[in-house]
Amino acid sequence: MLRHARTALILLHLTVGCALGAAAPATLLPDPIYPDLGQPGLDVQHYDIHLTVPQPGTPWLRAQVRIDLQAKLPLNDIRLDYQGPTVLSVQWNGMPVPYHLQASPAKLIIPRALPTGAAATLTIVTAGDTRGLPDPTLPIQLGWQSVPASPEQPGANFAFSEPDGTHTFLPCNDHPSDPATFTTHLTVPQDVQAVASGRRTGETQHPDGTHTLTYTLDTPIPTYALGIHIGTLQEVRRPAALLPTQSVDLSDYFPTSVPLDVRAPYQRTTDILKVLTDWFGPYPFATYGSVVVTPPLPALETASLSTMPVRSSRERVIVHELAHQWFGNAVPLARWSDTWLNEGFATYAELLWAEANAQDTTPLLASWRDRLRGGTRPLTATTQAELFDSTAYARGALTLHALRQQVGDPAFRTFLQTYARTRAAQPTQTADLLSLSRQYLGADAETLLRRWIDRPTLPAIP
Ligand code: TRP
Ligand code: ZN
């Protein structure tokens, strides 16, 4: 038995080694924690989305989604994740095509086969009320959020989807191992603002009292990271951030009801962007900003446009979500069990920012240890409940700190930048980080990382 298991492990290892550099996105599916999400062998390149929201604050939505896709393996049919409003039509390369809605797991199935390498375009039109999906651990609904109008504020809607809420309002290959680029067209009443991940590339007024705003995101991201916000938002433009190799346009968006003290910490975004770029290398998008939302939710690193609840409007959370733009958004997960690659890196950025401000980092390090007093686990998660637990965040961050203590700042910086550059748009798992550590930092660094990743208990910091 044991020998059998070990042989399987070695084989797995060889497979991972061979896949390096020529990462085959979909071959890691099905995901052990989310076996029903995504279709093995389906590779979506681009989503072009038209959303019409006639009454912001209500769950009603019309969506037209064009999906440019390719087969990485022979496909007998196309199976998109979908449990949203009524499907009105489906077209395959511009022609109507039959389709089938499966309830569990929730799929929109199109009976069209594709050989390896073949491409096709699907266009799907839906309309109706959206319904959320419960978060695996938090008492919140994932997917399209509706904030009804109140005496204090007009109605709003926004996307809030990690890990699997996007397919409650858009048919998609809803797994981070298939990142794609997005064009998002939002049609809303004239007096309502609409913003999405990417840079604004169009605005059209219509005679019926609505307008359409278009946003383009050229860097591939996972489906859960698509940011969309509709409401009475005030745009606060900041001076463009002039970084060593790029200029980044910065705008934050605040509901009119949000007071000045909530808005103040966002003035630091430019400085944070500079510090993080210094550690992580080029920022992955052309624009950045935060959208403040009023419901009591966690913050979410929606691409180029973080979603920031009022109560998360603090410097440390701003740093955390900005760091996810590299780790999670540009570098996507290959499987959900490796959330520590997102959360550990984003949490560690909080310490890098504190240091850059000449703050004592002892309390932060102590707080991470404290969070693990109740217990910890090896870094690869095995259940949904573990995906966003304190091990993913605090042990993940301490792991990077231990590595840094061992290799020193210059090597650590080069390593972070190499990881961010070489893994961009490549579905990434713990084994990829390990092989990169051996390649760039040597066998001792890899050994240290393995201890931190695999041991049931917390190792000592060098
Ligand atoms: N990734 C989010 C953050 O770091 C946290 C998070 C986990 C989350 N699960 C979520 C946010 C579900 C929104 C919804 O910062
Ligand atoms: Zn995070």
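Predicted model: local features only at pLDDT ≥ 70, side-chain atom pairs only at ≥ 80, totals over all residues.
Colleague: Which helices hold histidine 324 and glutamate 343, and are the two residues buried or exposed?

Modeller: Histidine 324 belongs to helix 4 (residues 315-324) and glutamate 343 to helix 5 (residues 340-356), so the pair ties together parts that are 19 residues apart in sequence. A residue counts as buried under 20% relative accessible area. The helices are therefore helix 4 and helix 5, and both residues are buried.

Colleague: How much of the area that ligand 1 exposes when taken alone does the protein bury?

Modeller: An oxygen atom of ligand 1 lies 2.9 Å from an N or O atom in the side chain of glutamate 321. A nitrogen atom of ligand 1 is likewise placed 2.9 Å from an N or O atom in the side chain of glutamate 343, and a polar side-chain atom of tyrosine 393 is 3.5 Å from an oxygen atom of the ligand. Taken alone, ligand 1 exposes 350 Å², and the share buried by the protein is 95%.

Colleague: Which helix gives the most to the shell around ligand 1?

Modeller: By class, the shell has seven nonpolar, two polar and five charged residues. Domain 1 (7-315) and domain 2 (336-454) each supply at least three residues. The most, three residues, comes from helix 4.

Conventions. Residues numbered from 1 in each chain as written. Chains lettered and ligands numbered in written order. Heavy atoms only, no water. Helix = DSSP H or I, 4+ residues; strand = E, 2+ residues; numbered from the N terminus. Buried < 20%, exposed > 50% of the residue type's maximum accessible area, 1.4 Å probe, protein only. Polar contact = N/O pair within 3.5 Å; in protein donor to acceptor, adjacent residues only side chain to side chain. Areas by Shrake-Rupley, 256 points an atom, 1.4 Å probe, with all protein chains shown as cover. Nonpolar A, V, L, I, M, F, W, Y, C, P; charged D, E, K, R; others polar. Domains from an automatic or database assignment.
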